Amino acid sequence: SPTSFFQVNTASTEILYSIVKDWIGEIDKNTTVYDICCGTGTIGLTLAKHVKEIIGIDIIPEAIHDAAFNANLNGITNAKFVSGKAEEKMPLLLSGASGTIIGIVDPPRTGIHLSVIKAIRSCSSLNRLVYVSCNPNSWVGDAVHLCRSPSNTMFGKPFRPLKAIAVDLFPHTPHTELVTLFERIQENKDSHSEVDKVKNQQTDSKEN
């Protein structure tokens, strides 16, 4: 639909989606993926066959219609899409969430609404979040809220950024899509395992 969002650089978009899939970690038929600001549903739908359920949310009704059409076109039956503001829908959707929960956010240039960040922080089952950003300025503010210490207004254990990469979807312009993996901080001896793995990969690449 004319009002639906979709990346027009399809070759680079395939690279972007493959990074998202690689970074969300281990997924199985007990995993539910929340695709926030899902547009026509493409990111979530590429993961559907690997997980229990895809739940997409977008403010544009035409985009939700297109997402449902795309799911039906590809024979995908474990995806559902919700029309509405993410800040209104996500707190309710995540309040009863259980099992393994993974979040993907691909917001507009204004970033994620604070109510969505609070819902993500408050959902203890959601421990990994892949953030696809088209605006580094709004990304900074969102990252601060995701990673700040708990307070009277921000509940739940904070996240931390593990790795990030820019994907060039807009050649010959200063704009890129920034993909960042956030992981919730866990207070146990294994909490640094993913960070250590990233550090080891960086060390190996330097030595090579």
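This is a predicted model: local features need pLDDT of at least 70, side-chain atom pairs count only at pLDDT 80 or more; totals for chains, interfaces and linings use all residues.
Reader: What makes the contact of Glu183 and Arg128 a salt bridge?

Author: A salt bridge needs a side-chain nitrogen of Lys or Arg within 4 Å of a carboxyl oxygen of Asp or Glu. For Glu183 and Arg128 the N to O distance is 3.0 Å, so the pair meets the rule. Glu183 is in strand S7 and Arg128 in strand S5 (residues 126-133), 55 residues apart, and the pair links distant parts of the chain.

Reader: How do you know that Glu183 and Arg160 also meet in a salt bridge?

Author: The N to O distance for Glu183 and Arg160 is 3.9 Å. The limit is 4 Å, so this pair passes too. The pair links Glu183 in strand S7 with Arg160 in strand S6 (residues 159-167), 23 residues apart. The structure holds 2 salt bridges.

Reader: Which residues are linked in a network of salt bridges?

Author: Arg128, Arg160 and Glu183 are linked in this way. Glu183 takes part in the bridge with Arg128 and in the bridge with Arg160.

Reader: Are Glu183, Arg128 and Arg160 buried or exposed?

Author: Buried means under 20% relative accessible area. Glu183 has 14% relative accessibility, so Glu183 counts as buried. Arg128, at 16%, counts as buried as well. Arg160 has a relative accessible area of 14% and is therefore buried.

Reader: Why is the pair of Trp139 and Phe182 called tilted?

Author: A pair of aromatic rings is described by the distance of the centres and the angle of the planes. The ring centres of Trp139 and Phe182 are 6.3 Å apart, and the limit for a pair is 6.5 Å. The angle between the planes is 35 degrees. Stacked would need under 30 degrees and edge-to-face over 60, so the remaining term, tilted, applies. The structure holds 1 aromatic pair.

Reader: What does the pair of Trp139 and Phe182 tie together?

Author: Trp139 lies in helix H6 (residues 136-147) and Phe182 in strand S7 (residues 177-184), so the pair ties together parts that are 43 residues apart in sequence. Both Trp139 and Phe182 are buried.

Reader: Why is Cys37 called partly exposed?

Author: The term covers values between 20% and 50%. Cys37 has a relative accessible area of 24%, so Cys37 is partly exposed. The residue lies in the loop between strand S1 (31-36) and helix H2 (42-47).

Reader: What makes the phi of Cys37 and the phi of His172 worth a remark?

Author: Most residues other than glycine have a negative phi. Cys37 is not a glycine, yet has a positive phi of about 60 degrees. His172, also not a glycine, has a positive phi of about 65 degrees. His172 is found in the loop between S6 and S7. The relative accessible area of His172 is 85%, so His172 is exposed, the cut-off being over 50%.

Reader: Why does Glu187 count as exposed?

Author: Glu187 counts as exposed because its relative accessibility is 72%, and the term starts over 50%. Glu187 lies in the loop between S7 and helix H7 (193-207). Glu187 and Lys157 are 30 residues apart in sequence and 9.4 Å apart in space, C-alpha to C-alpha.

Reader: Which residues lie nearest the centre of the largest pocket, and what lines the pocket?

Author: Cys37, Asp58, Asp106, Pro107 and Pro108 lie nearest the centre, out of 28 lining residues. Strand S2 (53-58) and helix H4 (86-95) are the elements that give two or more residues to the lining. By class, the lining has 14 nonpolar, 8 polar and 6 charged residues. The space in the largest pocket is about 500 Å³.

Terms used: Residues are numbered from 1 along each chain as its sequence is written. Side-chain values use heavy atoms; hydrogens and water are left out. On a 1 Å grid over the protein atoms alone, a cavity is a set of points where a 1.4 Å probe fits but cannot get out, and a pocket is an open set with protein on both sides within 12 Å along at least five of seven lines; lining residues have an atom within 4 Å of a point. Grid points are joined across faces, edges and corners, and a volume is the space filled by probe spheres set on the points. Helices (H or I, at least four residues) and strands (E, at least two) are DSSP runs, numbered from the N terminus. Ala, Val, Leu, Ile, Met, Phe, Trp, Tyr, Cys and Pro count as nonpolar, Asp, Glu, Lys and Arg as charged, and the others, Gly among them, as polar. Rings of Phe, Tyr and Trp (its six-membered ring) pair if their centres lie within 6.5 Å; planes under 30 degrees apart count as stacked, over 60 as edge-to-face and the rest as tilted. Buried means under 20% relative accessible area, exposed over 50%, partly exposed in between (1.4 Å probe, protein chains only).
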